[in-house]
Amino acid sequence: AKRIVEFYLDGVKKDQKAVELPPGGQSEVSFLTPPRLKEGRIYRAEVRITGAPDPLAFDDRRFLTFEVRPALKVLLISDRIEEDAWYVAAALNPEPAPGAPRSFDLEILRPAEVAPRYRDGLRNLAAVFLLNVASLDDASWGLLNAYVHEGGGLVVGLGDRCAPAGYNGPMQLGEQVAPPGKGTTFGKIADVTHPLFSPYAAEFDAQFAVMPVYRYWKLQAPTGGGGRTLLTFADGAPALVERTFKGPRTGRVLLWAT
C-alpha cells in the first residue's frame, strides 16, 4: 500500500515523503532536522503515517526527543597525514547529506605541533587518535597522560613507523611479528559485552575471521591494573588492548597492535 510519512518538529510539520509498504514488509524513510537548531535545547520529533485508512491506527504515530549538542572535538596525530590520518578522518567524518551537520570537529596535527598547540591541556577534546607515530616528545606524552587521567579517551594505532624506544614507557612494545604464509587473521572477541562490540558481536566475529593481518606488534598482555585484552589475533596474541584510569570520569586507552 502507498502511504505518506510526515515528519513534525515541536508540533510543526517539516517534511513528508511517499512510501510503498509491502504486505508484511517494511520500508525505510529518512528525514533531516532543520539546520541551525539551538545547542542545548531539547526538541520533540514526531513521525506520522497517513494515507489509506488503517484499522490499527494506534501505531501510526511515533515520538522521540533529542538534545542538540555541538560537534565533538577530536584530535588526530600522525607523521603522515595524507596516508594515515586521512582514512580515520574520512571514517569519522564522511561527507554528510546536504544540510546535515557534522558529528565531529576534527583537527589533524603532526607530533611536533601538539605540545605548542595544547600547552594548556587536552581536556576539551572528546578523543585523541595517535596514528602510526614514530615517537612523541616528553611534553606530548605528559599531555596525553594527564588527559586520560582526567577522563579522556586515547586510541593508539600502531604501524610500521613506530619505534619501540618511543613507546616502551607507556606501552611496552615487543618486536614486529610477520606471520608466515598468507598471514593470520583476527581471532575471537574476548569481551562481547564491551561497547565497541556489543551491538554487532556476531557479525564482527565473522568478519574478523577472514580479515588478513600481515604484520603486528607483539604486546605484553595486560594483567590487572585496569588493563585487559578485548580482541586477539587467531594465534592468540593481543590485537586490541584497553586500559582504564579511574577518577571522577574514567579515562580509557585503546591500543591496536596492527
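I began with strand 3 (residues 42–51), which pairs with strand 4 in the antiparallel sense over seven bridges. Pairing here requires at least two DSSP bridges between two strands. Strands (E, at least two residues) and helices (H or I, at least four) are DSSP runs, numbered from the N terminus. I found Arg48 opposite Arg61 in strand 4.

The model is predicted: local features need pLDDT of at least 70, side-chain atom pairs count only at pLDDT 80 or more, and totals for chains, interfaces and linings use all residues. Residues are numbered from 1 along each chain as its sequence is written, and side-chain values use heavy atoms, without hydrogens and water.

Then I turned to helix 4 (residues 201–208). Ala201, Asp205 and Phe208 are buried there (under 20% relative accessible area; exposed is over 50%, partly exposed in between; 1.4 Å probe, protein chains only). Down the helix axis, these buried residues fall within an arc of 75°, so they line one face of helix 4. The arc is taken from the directions from the helix axis to the C-beta atoms.

Last, I checked two non-glycine residues with positive phi. Asp10 has phi near 50° and sits in the loop between strand 1 (2–9) and strand 2. At 35% relative accessibility, Asp10 is partly exposed. Asn132 has phi of about 55°. Its loop runs between strand 7 (127–131) and helix 3 (138–149). Asn132 counts as buried, at 6%.
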